[in-house]
Amino acid sequence: MHPSDSALLIATPRPRRRRLGLLPLAMAVLLGGCASYQPKPIDTATTQAQWQARRLDDPALAARLQAALPSGEHWPPVTYGRAELLLAALALNPDLAEARAHLTEAGAAVRTAKAIPNPTVGLALERYTQSQAGSSSWLWGISTNMLIDTMLRRRLRAELADAGVRGARLDYAEKVWAVRHSLRTALADTLLARRQQQLAEQSVSKATALQAALQQRHALGESASSETLLAAQTLAQSHNEAAAAAQRLADANARLARAVGVPANALDGIALRWDDFDTPVVAAADQRAALEDRARLSRVDLERALVDYDSRETELHQQVRAQYPQISLGPGYTYDHGVRKLQFNLSATLPIFDQNQGPIAEAEARREAAGRHVEAVQASIDSEIDSANAKFAATRQALAAARSGQQAAQRLARQAELGHAHGEDDRVAVLNAQLAALTAAQAQLTAWDQSQQALGALEDAVRTPLDNDETRLLQPAADALPGDSP
C-alpha cells in the first residue's frame, strides 16, 4: 500500500466526526422555532368577581360600543329598548363569547389542514468489532421518509376545514338569534309583569274597599253574608295575582340580565322601553312575503344543514381518494465501513385485501343522511312560517276583542262613578265596576302577551327582526365590534 493511501484512510473519519457534531446544532435550530406551552389556569373567584362587576354604563363598554352606534348617538342611552340591549349583549353575553371562541378554533383547524406533513429521519449506527485492514470499523447511515402529500388530498382537507369555519360562523349567527329571542322574550315579560303587578295592586286596593263596604252593609243588615264571602274571595285572588306578578317580574328581570350578559343587580335603575308596546307592529304583507321566501331558501339553520352536506360530500371524496396508494420517498446516505452509499427508496401501500370499501360506504350513508336532513329542515321552516302566520292572525283578533272588552268595561266604570256622583249608584256598584275594568285590563294584557309571542314566533320563523330600530343599530354593529362577529 502506498503511504499516501494510509494517510487518506487515517484522515477519513475526521470530517465525518465534524459532520456528526453539527447534528445537535441543527436540531437546536429546528426546535428553537417550536411553540412553547403557557399555562392559563382559571380562578373561579376572579371570574365571579368580574361577572358581578359588569355594568351597562361601564366606560370600557361605552368605548367599545360607541363605534357601533349611528352618528350622533352615545352610550349609555337614556332608555334601553330591544336594539340597545341586544347591542350590549353582542359585547357581553358569555354564550356569544363561547361561540366566538369556537369560531377561532375552527379557523385554527384550517391551518392544520393546509400544513404539509413533515418528513421523518432515522439514524443507524453500528461498530464492527473485528476490523478489517483498510476499512473503518463503523457503519452509520441516515434515512428519511417523505410522504408525497398530493395537492388533491391537501385541497380536500382544506375544503373540509373551510366548511368547519362556515359552520362555526352559522352557529354563531344562530346563537346571536337565540340570544336575541331570549332577550326579546325576557323584556316583554318584564314590561308585562310590571303592568300586571300594577293592575293587581289596584285590584287589591279596590277589593279591600269592596270587602269593607260589604261588611259594613252586612252589619247593617243590607246585604247577605254570601256577598261578603265573594268579596273576600275576590280580595284573596287579587293578592295571589299580585304575588304571581311579582314572581314573574323577578324571574323576567333575571332572564333579561342573563340574556344581556350582566348580573341581575346591574339592571337596577335602568329605564326600559318598548316602542309600540300596546300595538304590535308588523311589516307590510309584501315585505313579510319576501322575508318568508328568503327564509325558505336560506335561513341560518338551512345554510348550516347545507354546510354539513358539503362536508359529508368532501369526506366521501376523501375516502374515494384514500383507496389509491400513498407513495413515500426515502432518500438516504450510508457510510458502510469506508464505503459511501446513496439510497433512493420508494414505498407504497398495496390495495390488495382492502380497497377502502367500508369507509366509502359509511361516507355515502352519511352524505345521504345529511341530504335528508336538509329536506327535513326545509319542511320545518315552511311549517314554522305557516304556523306563525296563522297564530299571529288569530292573536290579533283576540287582542282586538280584548281591547273592545276593556274599553266597554272602562265606560261602565265611568258611568258607575258618574252615577255615584249624582246619587244614582252606591259605593259597592262603583267598586264592582272598577274591579271589572281591572279584570278586563288584565285580560287585555294576556291577549297582548299572546300577540307578542306570535309576533316573536313569526320573527323566529324568518330569522329577521321586524323592528326597524333593531335593524338600524345591528347592521353596522357586526363590522364595528371587534371580536364580536364572525
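**Exercise 1. Determine how confident the prediction is overall, and where the pLDDT falls below 50.**

Step 1: the mean pLDDT of the protein, a predicted model, is 84, and 87% of its residues reach 70 or more, pLDDT being the predictor's confidence in each residue, from 0 to 100.
Step 2: over residues 1-20 the pLDDT is below 50, and beyond near neighbours in sequence this stretch has eight contacts in the model, where contact means heavy atoms within 4.5 Å.
Step 3: residues 482-486 also have a pLDDT below 50, with 14 contacts beyond near neighbours in sequence.
Step 4: where pLDDT is low, the predicted coordinates should not be read in detail.

Residues are numbered from 1 along each chain as its sequence is written. In this predicted model local features need pLDDT of at least 70 and side-chain atom pairs count only at pLDDT 80 or more, while totals for chains, interfaces and linings use all residues, and side-chain values use heavy atoms, with hydrogens and water left out.

**Exercise 2. Work out how strand 3 and strand 4 are joined.**

Step 1: the protein has 13 helices and four strands, which are DSSP runs numbered from the N terminus (helices H or I, at least four residues; strands E, at least two).
Step 2: strand 3 (residues 327-336) and strand 4 (residues 339-348) run antiparallel and are joined by ten bridges; two strands pair if DSSP finds at least two bridges between them.
Step 3: P331 has F344 in strand 4 as its bridge partner.
Step 4: two residues lie between the strands of this hairpin, in which H337 takes a positive phi near 50°.

**Exercise 3. State what share of the residues is buried.**

Solution: of the 486 residues, 36% count as buried, meaning under 20% relative accessible area (1.4 Å probe, protein chains only).

Key. Buried < 20%, exposed > 50% of the residue type's maximum accessible area, 1.4 Å probe, protein only.
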